[in-house]
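Subject: Structure handover and notes

Hello,

Here is the structure I said I would pass on. Please open it first and keep it beside the notes below.

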Amino acid sequence: MAALMLLVCALLFGTSLNANAQIRTARDFILALKSDANITMTTGDGLVNLTEAINDLIDDGYITPYNLDPNWERVQTKPGIYYSAEYDGNQLIVVGMNNINIEGTGANGAFLQVEPRYAEVIKFVNCKNIGISNFTMGHSETGDCVGDVLEFQSCENIAVNNCRLFGCGVNGLTVRDSKSISANGTHFYGCYYYGLQLFGSQDAIFVNCQIYSNGMGIYLDDVCGNVSFDKCEMMNNRREVFVCQSPISVSNSKIISHGGANVYNVTLEGCDVTMDYADCEELPDLEEDSQYEIYQGQ
């Protein structure tokens, strides 16, 4: 009887008894973001713009505001999908979700994009066990103030593998007050400021990653711990590769610095380091009909 009731509920309310979801549209992607979900984007190399779907779901009442009180002091902690109204558009925020695996298909992975330059592509808050693999993510236009590509706040056990987080995001990856963060085979490039930055976060490891063509490479504040890079490439960043107020270790990596050594708090082991002090390549211009060719697959 219990199984029959669950089936009836699923048919009435559209809730699947199977957590596996094959997704092709932006709306379906957002609706599939739930705890204990395996989400596969099957768009091949096609671009998926989240912005219109976010706005439509706000109008439909499915996505509610992240900030609740008139003074914008109390934030929502109940698990769910929320939005925040940024300067030039709405930002998607995933709150309190656990055990989500998101994977793109196709030779270069699925391509997620948002239009507001002041909004992250996706922001996760108070989430655990989140895996993102084989995605390209960025903005449709360049920003120079706020608006990162991915942000994790107060999260635990996060993996970002074989992804390409590109500028237009002011920073590629921002991690705040989180622990157990990893990235393998991920590219952070073309960002106005940093390829990646960590605040108050612990136990982060980056392996076989590339950090290049950003304003700067890596930022750590003074309360991070146990952060390491192995077999990575850091090159063509316009200024410092490292801005580290906490210690990090870098091993078996290739580093080309245009802004000097700046290895304070950085332990290097088995690295190939070149200080050429030459002007690095400027970031490519984003043109509406060519951005995909510029960034995809780099």
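In which helix is Asp 59 found? Asp 59 is in helix 3, which covers residues 51–59. Helices (H or I, at least four residues) and strands (E, at least two) are DSSP runs, numbered from the N terminus.

Before the rest, some background. This is a predicted model, in which local features need pLDDT of at least 70 and side-chain atom pairs count only at pLDDT 80 or more, while totals for chains, interfaces and linings use all residues. Residues are numbered from 1 along each chain as its sequence is written, and side-chain values use heavy atoms, with hydrogens and water left out.

Charged patch

Asp 59 counts as exposed because its relative accessibility is 65%; buried means under 20% relative accessible area, exposed over 50%, and partly exposed in between (1.4 Å probe, protein chains only). Together with Glu 52, Asp 56 and Glu 115, Asp 59 makes up a patch of negative charge on the surface. Patches are made of residues with over 30% relative accessible area and no salt bridge, joining like charges within 9 Å and nonpolar side chains (Val, Leu, Ile, Met, Phe, Trp, Tyr) within 5 Å. A salt bridge is a side-chain nitrogen of Lys or Arg within 4 Å of a carboxyl oxygen of Asp or Glu. Asp and Glu count as negative, Lys and Arg as positive, and His and the chain ends are not counted.

Nonpolar patch

Val 263, Leu 268, Val 273 and Met 275 form a nonpolar patch on the surface, with about 250 Å² of accessible area together (Shrake-Rupley method, 1.4 Å probe). Val 263 sits in the loop between strand 26 and strand 27 and is partly exposed, at 31%. Tyr 264 is in the loop between strand 26 (254–257) and strand 27 (266–269), and it is exposed, at 64%.

Positive phi

Asp 36 is not a glycine, yet its phi is positive, near 60°. Asp 36 lies in the loop between helix 2 (26–31) and strand 2 (37–41). Asn 99 also has a positive phi, of about 60°, without being a glycine; its place is in strand 7 (residues 98–104).

A buried arginine

Is Arg 164 buried or exposed? Arg 164 is buried because its relative accessible area is 10%. Arg 164 belongs to strand 14 (residues 164–166), and a polar atom of its side chain lies 3.3 Å from the backbone oxygen of Asn 162.

Regards

Conventions: The place of a charge is taken as NZ of Lys, CZ of Arg, CG of Asp or CD of Glu. A polar contact is a pair of N or O atoms within 3.5 Å; within protein, one must be able to donate a hydrogen and the other to accept it, and residues adjacent in sequence count only if both atoms are side-chain atoms.
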